[in-house]
Amino acid sequence: MNASYANVTLQVSNHSASTLSLGGTSSRGGMWITDAELDFITTKNRLTIGSFQTDQVFVNGISHTDTPVAVAFMSMNRITFEGTASTFMTQVTIDAWNDVTVKSHVTANDGTLDVTADWTCNRTGHLRISSTGALFATNQELLLQAFDMTIDGPVESGIKPTTIRGCPRVSIDVGGDDSTLTSDMRISQSKMRQIRSNNLTFKAINANITVYEVVLSDTAQVTDRIFLDADIMLSFYESSIYKSLRAMAPMMRILHDVKVTEGHMVLEANKFNVSSGSYITSEVENLYIEPLHNGYGKMWSDTPVTWASASDLTFNVPMDVYGSGSLMFHADSNEDADGVLSFDSTSKVRIIDSQVQQVVMTAAKGG
């Protein structure tokens, strides 16, 4: 069938436990469409497989040669990729009201790969990528959404970004050993090690992000920057290290060390709380502390605290300082005579507690 520019939908009639099997050598029940049969169906527009009246969709070994605008998988319950690898030559969306399970390799060669479990945001949908499974967007953007995720196999977008997000009010724990209980979604260190991309974004919509231990090897396959974007609060609860970092939230709590080893660090918030003993450093490039969305920011800092940058160290928020230790500002920390310490006109540093020992400002140049 050549549908030209018409959309095509392949769905099971609306009955209990309706099942659609795609590919494989035998049916998993219900409607069965083989790989060869699917190739007889062509469209220049959208091909939809399943619907929100289809209970289960099983996909096994599809090598789809047509190039519609998009291939969309839909289920009112769950979608499972199993058996041998499935490959598509266009944009792919996978939407299930509940679970998406990936037990085989799924590849989108020429378009975004967008996977959503918990499509209705009922806080039950889980994305499971087993050790035999993988999601590959060949140098294309990769988007993952679920209430929680198990990532035991590769997740790759090449030179394009990968984004992990939840539904509204689903908070995210980043790092640690998967035993954290702060949030609904847990992206542990072992899960992060499976991700290969240009940039990696964690987005908490109307929710929080809490960062536990992250070591450099956890994001070694992310070539550029980690983005942490929380709509309510972002907390650095344990020590974390990245190549490059941009973190943003209305409220940001820094309770431990934060370090970048290659690129810039940009921290954006309207309210910063910094705990004593924190060491925030950029080992090669600049460190920026800014208000969120060009608004007004304020920082409350205990001591001792150290801010250090091998290059420029820039503050665009005022700071009230408490405690009984020292406050250290150090631009040009690698001492190559190229580092500016600067405070804009709003960035007043006020010593509130008389027990603060000293404020030390070190730089190659002032700004």
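**Core.** I started with the largest nonpolar core, which has 90 residues. Phe 73, Leu 228, Phe 236, Leu 245 and Trp 307 touch the most other members. I note here that the model is a predicted one.

I then picked Phe 236 and listed its contacts, leaving out residues up to four places away in sequence. Val 211, Leu 228, Tyr 242, Leu 245 and Ala 247 are on the list.

**Strand β27.** Leu 245 opens strand β27, which covers residues 245–254. The cut-off for buried is under 20% relative accessible area.

Next I looked up the pairing of β27. Strand β24 (residues 226–230) runs parallel to β27, and four bridges join them. Phe 227 has Arg 246 in β27 as its bridge partner. Strand β25 (residues 233–236) also pairs with β27 in the parallel sense, over four bridges. There, Leu 234 is partnered with Met 252 of β27. Strand β29 (residues 265–274) pairs with β27 over nine bridges, again in the parallel sense. Met 251 has Lys 271 in β29 as its bridge partner.

I kept one general point in mind for the strands: in a regular strand, side chains alternate between the two faces of the sheet.

**An open sheet.** I traced a sheet of five strands. What is their order? The order is β8-β11-β14-β17-β21, the sheet is open, and the pairing is parallel. β8 (86–88) and β21 (195–196) are the edge strands, each pairing on one side only. Three bridges link β8 to β11 (residues 105–108), in the parallel sense. Thr 87 stands opposite Thr 107 in β11.

**Backbone exceptions.** Most residues other than glycine have a negative phi, and most peptide bonds are trans.

Which peptide bond is cis? I found one joining Thr 303 and Pro 304, with omega about 5°. Pro 304 sits in the loop between β32 (298–301) and β33 (305–309).

Asn 139 has a positive phi, near 55°. Its loop runs between β14 (134–137) and β15 (142–145). Asn 139 is partly exposed, with a relative accessible area of 35%.

Arg 169 also has a positive phi, near 70°. This residue lies in the loop between β18 (162–165) and β19 (172–174). Is Arg 169 buried or exposed? It counts as exposed, because its relative accessibility is 58% and the cut-off is over 50%.

**Whole chain.** The secondary structure comes to two helices and 40 strands. The C-alpha trace spans about 75 × 35 × 35 Å along its principal axes. Of the 367 residues, 53% count as buried. Among contacts with a separation of 6 or more, 49% are between residues 24 or more positions apart. The accessible surface is about 14,600 Å², and carbon and sulfur atoms hold 48% of that.

Technical notes:
Residues numbered from 1 in each chain as written. Predicted model: local features only at pLDDT ≥ 70, side-chain atom pairs only at ≥ 80, totals over all residues. Heavy atoms only, no water. Core = buried A, V, L, I, M, F, W, Y, C linked by side-chain atoms within 4.5 Å. Buried < 20%, exposed > 50% of the residue type's maximum accessible area, 1.4 Å probe, protein only. Contact = heavy atoms within 4.5 Å. Areas by Shrake-Rupley, 256 points an atom, 1.4 Å probe, with all protein chains shown as cover. Pairing = 2+ DSSP bridges.
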